[in-house]
Amino acid sequence: MDFLAQVGQIAFSYGPPFLFVLTIVVFFHELGHFLVARWCGVGVKAFSIGFGPELFGFNDKHGTRWRVAAIPLGGYVKFIDDDNAASIPDHEAHRAMSADEKAKSFLSKPVWQRAAVVAAGPMANFLLAIVIFAGLFMTNGRAVVAPKIGTVVAESPAAVAGIQAGDVVVSVDGKLVESFGDIQRLVMSQAGAPLEVVVDRAGTPMTFTVTPKLLEEKTRFGVQRRGILGIQATGKPEDVVQRVYSPPMAVWEGTKETWFVLARTGEYLYRVIVGVESADQLGGPLRVAQISGEVAVLGLVALINLTAILSVSIGFINLMPIPMLDGGHLVFYAAEALRGKPISERGQEFGYRIGLALVLMLFIFATWNDLVHFASL
C-alpha cells in the first residue's frame, strides 16, 4: 500500500512540473521536424502534442491540424503520406496520389531533404538546450569556485598520490580546469582509471598520477555512482565568484554545457553496453516525473535548467540508430544514398518491427527500474 501510495504521489504531485518540462521538450523537437518539412515543401497533416484522442486543436491556413491529445507522453508530426504517428511511410497511399499530391509528399523529396527533416528534431532539442543554458548564464550567471584545494581526505586517492591542501588544479588528464566543478566533471566517470593531474603548488607546476575511487551513494533518485579524488574546495568566499556572461560568451558556455550533457549521456550508455556500468540508472517516465517534481520545489530556474538537460537527452536518444527513432530513419537514408536506391519496402517494414520491439523493451526496462527504485525507498 505504501508503494502504491508513493506512485500515486508521483502521478498527482509531480505531474504538473513533469508535463511542463516534457511538453516544452516535445514541442520544440516536433517543431524542428515541422519547420524543415515546410521549408522543403512537404505537406503536413498534423502537429500533435501527445497521443490518442484529441482534447482540442485547430487547423492552420495550410491545412495542418494542430492538436493536443489525451496521452501527454510524446508527440508527432504526420506528413500527408505517413501511415501512422511514427512517420512510417504509407507506400500504397503514395502510389495512389495525384501528381500535385506527390509533389508535396515526403517520399517524393530528395534523400538529403528527408534526412534534413528527420535530423531537425534532435537538432532542435540541442538548440533549445543551448538557448536555455545561455539565457540562464546571461541572467542568473553561475557560481564559479576556484580550483584551489582546501582539504585532502586522509588515505584518499589524492592523498596517496601526494596532492596537498593549497594546491591549485591546473588540468586533469590533459584538460584545462577553470573551476572546482570542472574537476568533479572530469573525474566523476573515471573511477578506476589513472589520471594525470597537474597542480600549481606555490608557483611550481607539479604532475601526479591519481586513480579516482568509486563512490556509491543512495539518493532519492537512485544509486549514484561517481569517481572521486578525495579533495574539497576551500569554502572561502574569496574563492567563489558569481559570473554573469555576455551574450556571445553565454552562447559559447551554453554550447559547452550542452556538449557536456550529450557526452556524459553517450559515455554512460557506452559503459552500460560494455558492461562497465550498471543499467539501473536508466529511468523512465516515473523517475523523470519524480525528478521534475522535486526540482520544481527549488524554483523555476532549476526546473528550466532540468528542461535543458532533458532536451539534450531526448535529442540523443532519438539519434540512436534504431528504426522507429529518428536515428533509424537516418540510417535508412544513408543506405539509400550509398546504394543509389531506397531500402526495399519489405526491408523497411522488417526494420520498423525490430525497432518497435527494441523501443518497447527499453520502455519496459526503464519503467521496471523506476518501480524497483520506488519500492526500495
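Guide: Welcome! Axes here are lines fitted to C-alpha atoms, for helices over the stretch in contact, and angles run from 0 to 180 degrees between N-to-C directions. This is a predicted model, in which local features need pLDDT of at least 70. Residues are numbered from 1 along each chain as its sequence is written.

Visitor: Why are helix 5 and helix 10 called roughly antiparallel?

Guide: Helix 5 and helix 10 pack at an angle of about 155°, with their axes 8 Å apart. Angles over 145 degrees count as roughly antiparallel, so helix 5 is roughly antiparallel to helix 10.

Visitor: Which residues of helix 5 make that contact?

Guide: Contact means heavy atoms within 4.5 Å. On helix 5, the residues include Pro 122, Phe 126 and Ile 132, and they meet residues of helix 10 including Val 301, Ile 304 and Phe 316.

Visitor: What is the make-up of the contact of helix 5 with helix 10 by class?

Guide: It has 14 nonpolar, six polar and no charged residues. Ala, Val, Leu, Ile, Met, Phe, Trp, Tyr, Cys and Pro count as nonpolar, Asp, Glu, Lys and Arg as charged, and the others, Gly among them, as polar.

Visitor: What makes helix 5 and helix 11 roughly antiparallel?

Guide: Helix 5 packs against helix 11 (residues 326–339) at about 160°, with the axes 9 Å apart. Helix 5 and helix 11 are therefore roughly antiparallel to each other. Residues in this contact include Arg 114 of helix 5 and Asp 326 of helix 11. By class, the contact of helix 5 with helix 11 has seven nonpolar, one polar and three charged residues.

Note on methods. Predicted model: local features only at pLDDT ≥ 70, side-chain atom pairs only at ≥ 80, totals over all residues. Heavy atoms only, no water. Helix = DSSP H or I, 4+ residues; strand = E, 2+ residues; numbered from the N terminus. Parallel < 35°, antiparallel > 145°, perpendicular 65-115°, else oblique.
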